[in-house]
Amino acid sequence: MSLYENIKEKIMDNLVQAANTAKGAGEFSFEELPAFVLEEPRERQHGDLATNLAMVLAKQAKRSPRDIAAILIKHIDTTGTWIEASEIAGAGFINFRLSPLWLTGVIEEVLKAGENYGQVDIGKGQKIQVEFVSANPTGLLHMGNARGAALGDSLASLLTMAGYEVSREFYINDAGNQIHNFALSLEARYLQQLGQDAAFPEGGYHGEDLIETVKGLITKIGDKYVSVEPGLRREFLVRYALDEKMRNIRETLQDFGVNYDVWFNEQSLHDSGAVRSTMEELEKKGYIYEKEGAHWLKSTLFGDEKDEVVIRSNGAPTYFAADIAYHRNKFERGFNRVINIWGADHHGHVARMKGAMSALGYDPDNLQVILMQLVRLIQNGEVVKMSKRSGQYITLRELMDEVGKDAARFFFNLRDPDSTVDFDMDLARAQSSDNPVYYVQYAHARLCSILRQAEEMGDTTAPASELELQRLESSEERDLLKKMADLPSEITIAARLMEPHRLARYVLDLAGLFHTFYNSQRVLVEDEGLRRARLSLVRAVRQIVSNVLGILGVSAPERM
RNA sequence: GCGUUCGUAGUUCAGCUGGAUAGAGCGUCAGACUUCGAAUCUGAAUGUCGGGGGUUCGAAUCCCUCCGAACGCACCA
């Protein structure tokens, strides 16, 4: 537990103690201590920490919050808490002012922990899987996938920082109807490129990339497959194209800073019989019935709006059936929690997937789905409908080429997944130098620059002493130190809420506080002790900026 | 029609389990480089938190209702 978290916990404990003491002394009574908070007030004048304990006790104690506050203050043991002053304010808040001396400990804490600063252990080594992107291998990655990739990867890093054992996974939909469609589209393109008369299938994939794939293939094998039996021809084309598409997807994601632990094939679930055995399991439990020749899952028993088909009347399993088998497989692999990142257009799928897990005897709460609102593409001030089938979309590759990996990842992680993002490529291109990511990266480069110059001046890297660190007493320095002390709590909250965007906000704030400090105080001053103290501060800030950018998958440049 | 998510400054967006006077970036206006990086900083202006009702000592946050938007409601995935 971090220094700051320790202090807060100690004060919380002492507050509980104080309430119990008062109760014992008969000064007021309560059955059970209600939940209360100890937090940093927004207004600086309200001190460093404030609690609402007196207010939440008021009802049970049948006394006014301010009276209760006065009694509590009387009983609070402040030893070891750094509390310097306590006062009653407003409706009955108790505000604490801490001695600023505790802050200097933060620097030592950061420098000691290094790249591990910010690590907390709410995960306690639990195994979590984060499945994200899982784009259909029938085309290139687009903006929506980019958002999913930025969110999923950063969430995985965040959870790792919070003490979970995390596995990143990509589910490859390489089976089913869409693959059949894909095959027909490829076949048509192949024949067309060779001058044959071939009709493009209804609902086929119109993307230009498909034509490129076929052209590439033709330079290798020519018209060899024109005269081959269609079934074999399609199988060959699909295998070739899927292989190429998946290689492209892997490389693109890797360039976007995303590295998966597992690439999972849907086809393997069919091959291994997992889909069939899962359906049999559900049938044995009585959750499957037949109607109009198809097999249905009674998902309404688990809160779904309607029952769902799992086996079509033609005997083929639906995508849903395979997905149930897939999620069962995840739990069988021993994950305590499984997180999926889905586009908001899949929200109808959530209830039935959780329902299916309940039916199989798993706790549906261990399957958590983060729904990400869609990314809308704006062109010439109008919304452009993106779709793989229409072939009209901006690819992740184009996005990286135009605005860069760092700007793109920061852009997406600055937003709550629940908010719809309008993305205007022209605007993004024009404003890319205004992207907030550069504000943070600039802070990092500036921090590095100071350290470089200190080194050139022959400044030793000797750490500042406790006494020297206590000379960091300007309000700019203290604000900065407090923010630095806050990182472990931020990680805890962000991990609990599964919201990496909180860290993007955090590091923006931190960078801002640093820039303010930089403009008001000089680091490389004559006074050796003070210089050592400020250099230690600079080193610590640099470490934190680097750590947080790391979680967000954004690089921390030493110069720019 | 039913369901999910959303509606906060001119604009793009933050705002954990309800807390005190709702915050940033961009834009606008006024300032700061012979000194560690001006991709920076300082200051100013800007709001019926979509409307209405309710719960509460206290609501942008929870509940109801209305309005508006996006997305779902296939033997597609």
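A residue is called buried under 20% relative accessible area, exposed over 50% and partly exposed in between, with a 1.4 Å probe and protein chains only. The legends below describe a predicted model, in which local features need pLDDT of at least 70 and side-chain atom pairs count only at pLDDT 80 or more, while totals for chains, interfaces and linings use all residues. Residues are numbered from 1 along each chain as its sequence is written, chains are lettered from A and ligands numbered from 1 in the order in which they are written, and side-chain values use heavy atoms, with hydrogens and water left out.

**View 1. The stacked pair of Y171 and Y326.** Rings of Phe, Tyr and Trp (its six-membered ring) pair if their centres lie within 6.5 Å; planes under 30 degrees apart count as stacked, over 60 as edge-to-face and the rest as tilted. The ring centres of Y171 and Y326 are 3.8 Å apart with planes at 10 degrees, so this pair is stacked. Y171 belongs to strand β6 (residues 165-172) and Y326 to helix α11 (residues 319-332), so that distant parts of the chain, 155 residues apart, are linked. Helices (H or I, at least four residues) and strands (E, at least two) are DSSP runs, numbered from the N terminus. Y171 is buried at a relative accessible area of 1%, and Y326 is buried at 0%.

**View 2. The stacked pair of Y4 and W102.** The whole structure holds 17 aromatic pairs. One of them is the stacked pair of Y4 and W102, at 4.9 Å centre to centre and 15 degrees between the planes. Y4 is in helix α1 (residues 3-24) and W102 in the loop between β4 (93-98) and α4 (104-113), so the contact ties together parts 98 residues apart in sequence. Y4 and W102 are both buried.

**View 3. Charges over rings.** A charge sits over a ring if NZ of Lys or CZ of Arg is within 6 Å of the ring centre and within 35 degrees of the ring normal. The charged end of R250 is over the ring of W263, 4.4 Å from its centre. W263 also forms one aromatic cluster with F132, F170 and Y260. K23 lies over the face of F30, 4.6 Å from the ring centre.

**View 4. The open sheet β8-β9-β10.** Two strands pair if DSSP finds at least two bridges between them. The three strands of this open sheet are paired antiparallel. β8 (288-291) and β10 (308-311) are at the edges with a single partner strand each, so one side of each has no neighbour in the sheet. Four bridges join β8 to β9 (residues 294-297), and I288 has L297 as its bridge partner in β9.
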